[in-house]
Amino acid sequence: MCAKIILSALTKLRRPPHCRILICLLTTAWGLFNLFHQNINPSSVEPNPQHQEFKEFKEFRSSYEPLAPHPHAGARYPDGKYGYVADVTAVRIRHFQLLHAWKQQRKNYVREDDDDDALFISHLMKTTFDAEVYNYTCETPVGKGMEGEEGFKLIHKVKIGRRPPLPVVNETVWQINELGTNNETDATTEFRNYKESELRGKLHPIKEQANLSKHRILCALYTYDKHHPTMLQAAVNTWAWKCDGFLAASTLTNETLGAVDLPHLGNETYGNMWQKTRSIWGYIYDNYLEDFDYFWLGGDDFLVYVENLRGIIEDHESNPKDNPENSNEKYIPVFLGQHIPNMGSHYCGGGPGYVLNRVAVKALVTMSLPSCSVETVVSAEDRFISNCFRSIGIPCGSVTDVNGRQRFTGMPPKQLATFRGDSDRFYSNVYRYWGEETGRFKWGLDSVSEQLSGFHMLRYPPFIHRVHALQYPRTCPPDSVVGRALSVSSKKSF
């Protein structure tokens, strides 16, 4: 622009012939420079927005760019384009389509009373994994697998789809005195003025199982593409289809498995789980907030007993302050999980997952995430989400039952059943904190509620299928080792 002005001024001045020649040379050089610059920098030329090629390029470029800054960037289609919104009912719908087709194939040669929905899970296991997974799950004697004898006792203690436990009237409990040793005390006096019928009416009004499903639950887990054919497939086979909606926050979209390619700030590593979690809740808020009442988030190594998860959500009597009835309608945030001690308080442990109601999701995403640890790279997503909730006045609520037993735990069956505080300092502190919270210090089988939400640290598909088969009778065929062992107490849980 400056060169043009100078040239224009010079042409208006009276000048000798040799100056006119110089001006011509400068003008020619300027024209050649512009031509050369345009050829090597096409972007410097303003394109015509009416050109079809420009429109197609602009659309192509925008489709591969995030919809907004994290954690609202959105998910990607399998080809990498942004804007994918998963059908979170796809896994559930496909399960029942496959179940129907399987029944149609079997009805010509299987008696009607032999047909069992639970057995369909072993069919899925055979068709999605190799024979080793089935053999370990159904042909290993009960108590001889990863669960051990004590772990099987714990699995057997857990009841699927029952009402919340009643208070134990005659119970021996353990408490910690100031020296840290155990004192045996009698808990009978706590409820001695109530008859059992009065306790049932006072603490747990009778509810039919059908009423335990009135809330819509979205189950979400975090995983990555290498776990799709293993851990995610095992979850889809066993429990994911029982949720009203299901999605797996991953690095590759696969609708059959409910997997969603959900980018986040930073790299895809375990050490960056906090940023992955921020994007998960941002995505849920943007696309599913009004479609569900409660939301559960956990890892792909957790086996969820969805029926019991529903029962815990519906239990408003055991912890009425933390999980009040009609909380969404009353605009009360609910944030529930396993309590882990931390600096004089506690946070919701991520091992067994945690539950948010609709109000809590909205508060987290709109009030806390925009300013809470926005760029922090850390693996402790459970501690950080609890801190962010606490910054807006929402604590981690309790999920213990009325007897102070745990319904969310971060261990596999054998470890949970046999732990006595002598092998893991972290969990020793956790158990002591639980004892201080409930006034009842418990180890092993006695620490776990019969309404347990599931088991954690099942890090291989055979483990997930094994525990599921031991928990749900008739999953293994009646002529298998496990099928015969469980046939005596076999009862449908579906």
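How are helices α10 and α13 oriented to each other: roughly parallel, roughly perpendicular or oblique? They are oblique to each other. The legends below give the details.

This is a predicted model, in which local features need pLDDT of at least 70, side-chain atom pairs count only at pLDDT 80 or more, and totals for chains, interfaces and linings use all residues. Residues are numbered from 1 along each chain as its sequence is written, and side-chain values use heavy atoms, with hydrogens and water left out.

**View 1. The protein chain as a whole.** The protein chain holds 17 helices and twelve strands. Helices (H or I, at least four residues) and strands (E, at least two) are DSSP runs, numbered from the N terminus. Of its 494 residues, 48% are buried. Buried means under 20% relative accessible area, exposed over 50%, and partly exposed in between (1.4 Å probe, protein chains only). Take the contacts (heavy atoms within 4.5 Å) between residues at least 6 apart in sequence: 72% join residues at least 24 apart.

View 2. The axes of α10 and α13 (residues 381-391) come within 8 Å and cross at roughly 55 degrees. Axes are lines fitted to C-alpha atoms, for helices over the stretch in contact, and angles run from 0 to 180 degrees between N-to-C directions. Angles under 35 degrees count as roughly parallel, over 145 as roughly antiparallel, 65 to 115 as roughly perpendicular and the rest as oblique. The pair α10 and α13 is therefore oblique. Their crossing is right-handed, that is, the near helix is turned clockwise from the far one by less than a right angle. Met 273, Trp 274, Thr 277 and Trp 281 of α10 meet Glu 381, Phe 384, Ile 385 and Cys 388 of α13. By class, six of these residues are nonpolar, one is polar and one is charged. Ala, Val, Leu, Ile, Met, Phe, Trp, Tyr, Cys and Pro count as nonpolar, Asp, Glu, Lys and Arg as charged, and the others, Gly among them, as polar.

View 3. Ser 279 is found in α10. It is buried, at 3% relative accessible area. Leaving aside residues up to four places away in sequence, Ser 279 touches His 70, Pro 71, Leu 262, Pro 263 and His 264. A cis peptide bond joins His 70 and Pro 71, with omega about 10 degrees. Pro 71 sits in the loop between α3 (52-63) and β1. Most peptide bonds are trans.

**View 4. Helices α6 and α16.** Helix α6 (residues 131-139) packs on α16 (residues 461-471) at about 30 degrees, with axes 9 Å apart. The two are therefore roughly parallel. Val 133, Tyr 136 and Thr 137 in α6 meet Pro 462, Phe 463, His 465, Arg 466 and Ala 469 in α16. The contact has five nonpolar, two polar and one charged residues.

**View 5. Two loop residues with positive phi.** Ser 373 lies in the loop between α12 (358-368) and α13. Its phi is near 50 degrees, and it is partly exposed at 23%. Arg 474 lies in the loop between α16 and α17 (481-486). Phi of Arg 474 is near 75 degrees, and this residue is partly exposed at 39%.
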